Amino acid sequence: MAVALEEKIEAIYQQVKARNPGEDEFHQAVKEVLESLGPVLVKYPEFADQKIIERICEPERQIMFRVPWQDDKGEVHINRGFRVEFNSAIGPYKGGLRFHPSVYLGIIKFLGFEQTFKNALTGMPIGGGKGGSDFDPKGKSNNEIMRFCQSFMTELYRHLGEHTDCPAGDIGVGGREIGYLFGQYKRITNRYESGVLTGKGIGWGGSLVRTEATGYGATYFVREMLKARKDSLGGKTCLVSGSGNVAIYTIEKMHELGAKVVACSDSNGVIFHKKGIDLELLKRLKEVERRRISDYAGYHKDAKYIEGGNIWEIPCQVAMPSATQNELNGKDAKMLVKNGCIAVGEGANMPTTPEGVRVFLDAKIAYGPGKAANAGGVATSALEMQQNAGRDSWTFDYTEQKLDKIMTGIHEATYETAAEFGAAGNYVIGANVAGFIKVAQAMVPMGLI
Ligand code: NDP
C-alpha cells in the first residue's frame with residue numbers, strides 16, 4: 001500500500017480515537033476494519049473523495065437515557081440505557097440489545113459499528129445499530145425483569161419503528177425480555193407493529209429458527225471454510241465457549257454434523273466432558289431452570305467442572321468462541337494452534353484480541369471472524385421481518401434452508417473478495433472489504449447525508 005494512503009488511514013483512525021476517548025473496544029473494532037481498506041480506496045477513489053470512511057466511523061445518532069425501576073422490595077434503582085443508530089444506508093437500523101453490567105457507550109458503539117458490515121454481508125436490506133443497558137439480569141425475578149424492560153421501552157419506543165430502528169436480543173436479552181419489550185411498545189404506541197422487534201415468540205410474530213440461527217449459522221460457516229480446504233466437520237473435536245443462546249445452538253448443529261463438542265463455559269468456569277456435552281441436560285439447566293453450568297457435573301460423574309478454568313487449554317481441532325468480546329487472547333490462540341486447532345468460527349462479536357487474530361492468520365488456519373461467521377442471527381431476524389411484512393409464517397425446514405443459503409453465500413462472498421484483494425484465505429479482509437463496499441456504494445449516490 002502506498003505510504004501516503006497508509007498515513008491517510010492512520011490519520012482517520014487517530015481522529016476516531018481522539019473524538020471517542022476511553023472507548024477501547026470501539027477503537028479496536030475501527031482499527032481492524034480500517035487496516036483492511038487501503039486497496040479499496042485504490043480501486044474506488046470516490047470513497048476517499050466523499051470521505052466515506054470518516055462518515056462510516058461516526059454514528060448517525062447516539063441515544064443515552066435514564067432507566068429507573070423498582071425491585072421486589074420497593075427499592076429504586078437507576079440504570080443507563082443506550083441505542084446507537086450507526087448506519088442506515090441500506091435499510092433501517094437493526095441490531096441487538098445487550099443487558100450486562102459491563103455495558104457502556106464504547107461497547108455499544110463497537111457492536112453497532114461491526115453490525116453495519118455484518119448486516120451488509122447478509123445481503124438483506126438492514127442497516128446497523130446496537131443498544132442495551134448496564135442492567136444485570138442475573139439473579140433478578142421475572143417481575144423485576146418485566147419492570148426494567150417496561151421502563152427501558154418507555155423511553156426507547158420513540159426512537160423505534162419497523163422502518164426506522166428494529167432491535168433484537170443479545171447477551172442477557174432472550175425471548176422473555178423481547179416479550180416484555182414488545183408488550184410495552186405495543187401498549188404505548190397502540191400499534192401491533194411486528195417488525196419493530198425480532199426474536200419474538202412463535203405464536204406472536206416470531207420466526208422458527210431465530211433461536212437457533214446464530215449458532216447454526218456459525219457452524220455452517222465453519223463447514224464451508226473446511227469444505228474450501230477439502231475437509232469436513234465429521235469426527236472433529238470441538239470447544240464452544242459460553243453456554244448461552246449462541247453456544248447451545250452451536251453445540252446442537254456441531255453434533256448434528258458429526259463433530260463432538262467436549263467443553264463449554266460461563267464467566268465462572270468450564271465444563272469438560274470428554275464423551276461429548278449432553279445437550280439435553282445443558283438446555284434444561286440453562287433455558288428452563290436458569291442455573292449455572294457448575295451444576296452440570298452433578299448429573300454426569302465423568303464430566304469435570306473447572307472453576308475459573310480456561311477453555312482454550314483443552315486440545316481441539318475446531319474452536320467456537322461464543323461468549324463475549326476479547327475472551328481469547330494471543331496466548332490462548334498460540335495454545336490452540338499448538339494443540340492442533342485447524343478452524344475457528346466466532347459465534348461471539350470480536351471474541352479474539354488483535355494479537356490472537358494475528359496468531360490465527362499467521363498460522364494460516366481457517367479463521368472466520370464474527371462479522372461473517374455469526375451473521376446468521378441477524379439474517380434470520382431479517383427473515384422474521386419478511387414474514388411479518390407478508391403476514392406469513394414459514395416452516396422450520398424452509399427457514400433453515402434459507403439460513404444455510406445465506407451463510408454459504410457469505411462464505412463465498414468473503415472468500416472471493418479476499419482473493420480479489422490479494423489476500424486469499426483471509427476472511428478478515430474478505431468480510432471487512434465486502435461489507436464496507438456494499439455500504440459505501442449505497443452511501444455515495446444518496447449524497448452528503
Ligand atoms: P447469552 O446471554 O445467551 O449468553 C452469553 C454467554 O456468554 C453466557 O454463558 C455467559 O456466561 C457468557 N459470558 C458473558 N459475558 C462473559 C464474560 N465477560 N466472560 C465469560 N463469559 C461470559 O448471549 P448470546 O449467546 O446471545 O451472545 C453471546 C455472544 O454472541 C455475544 O458476543 C453476542 O454479541 C454474540 N451474538 C449473539 C447473537 C444472537 O443472536 N444472540 C447474534 C450475533 C452475535 P454468564 O452467564 O456467566 O455471564
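Visitor: What distance separates the centres of domain 1 and domain 3?

Guide: This is a predicted model. In it, 33 Å separate the two centres, taken over C-alpha atoms.

Visitor: Which residues make up domain 1, domain 2 and domain 3?

Guide: The domain assignment gives 2-29 + 40-56 for domain 1. Domain 2 covers 61-193, and domain 3 covers 213-373.

Visitor: Why is K31 called partly exposed?

Guide: Its relative accessible area is 34%. Buried means under 20%, and exposed means over 50%. The value of 34% lies in between, so K31 is partly exposed. K31 sits in helix α2. Its C-alpha atom is 9.4 Å from that of I9, 22 residues apart along the chain.

Visitor: What makes β8 and β9 partners?

Guide: Pairing takes at least two bridges between two strands. Four bridges join β8, residues 269-272, to β9, so these strands pair. They run antiparallel. I271 stands opposite Y305 in β9.

Visitor: How do you know that β3 and β5 pair?

Guide: The same cut-off applies: at least two bridges. Strand β3, residues 93-99, has four bridges to β5, so the two pair. Here the strands run parallel. K94 stands opposite C166 in β5.

Visitor: What makes both faces of β5 covered?

Guide: D165 and P167 lie on one side, C166 and A168 on the other, and all are buried. For each, that means under 20% relative accessible area. In a regular strand the side chains alternate between the two faces of the sheet.

Visitor: What is the order of the seven strands in the open sheet?

Guide: The order is β9-β8-β7-β6-β10-β11-β12, with mixed pairing.

Visitor: Why are β9 and β12 at the edges?

Guide: Each has a single partner strand, so one side of each is left without a neighbour in the sheet. β9 spans 304-307 and β12 spans 366-368. From one strand to the next, the twist averages 15°.

Visitor: How much space lies in the second largest pocket?

Guide: About 590 Å³. Of its 27 lining residues, the closest to the centre are V357, R358, L361, N426 and V428.

Visitor: Which helix supplies the largest share of that lining?

Guide: α13, with four residues. Helices α2, α13, α14 and α17 each supply at least two.

Visitor: How many of the lining residues are nonpolar, polar or charged?

Guide: The lining has 11 nonpolar, seven polar and nine charged residues.

Note on methods:
Residues numbered from 1 in each chain as written. Predicted model: local features only at pLDDT ≥ 70, side-chain atom pairs only at ≥ 80, totals over all residues. Heavy atoms only, no water. Axes fitted to C-alpha atoms, helices over the stretch in contact; angles between N-to-C directions. Domains from an automatic or database assignment. 1 Å grid on protein atoms, 1.4 Å probe; cavity = no way out; pocket = protein on both sides within 12 Å on 5 of 7 lines; lining within 4 Å. Points joined across faces, edges and corners; volume = space filled by probe spheres on them. Nonpolar A, V, L, I, M, F, W, Y, C, P; charged D, E, K, R; others polar. Buried < 20%, exposed > 50% of the residue type's maximum accessible area, 1.4 Å probe, protein only.
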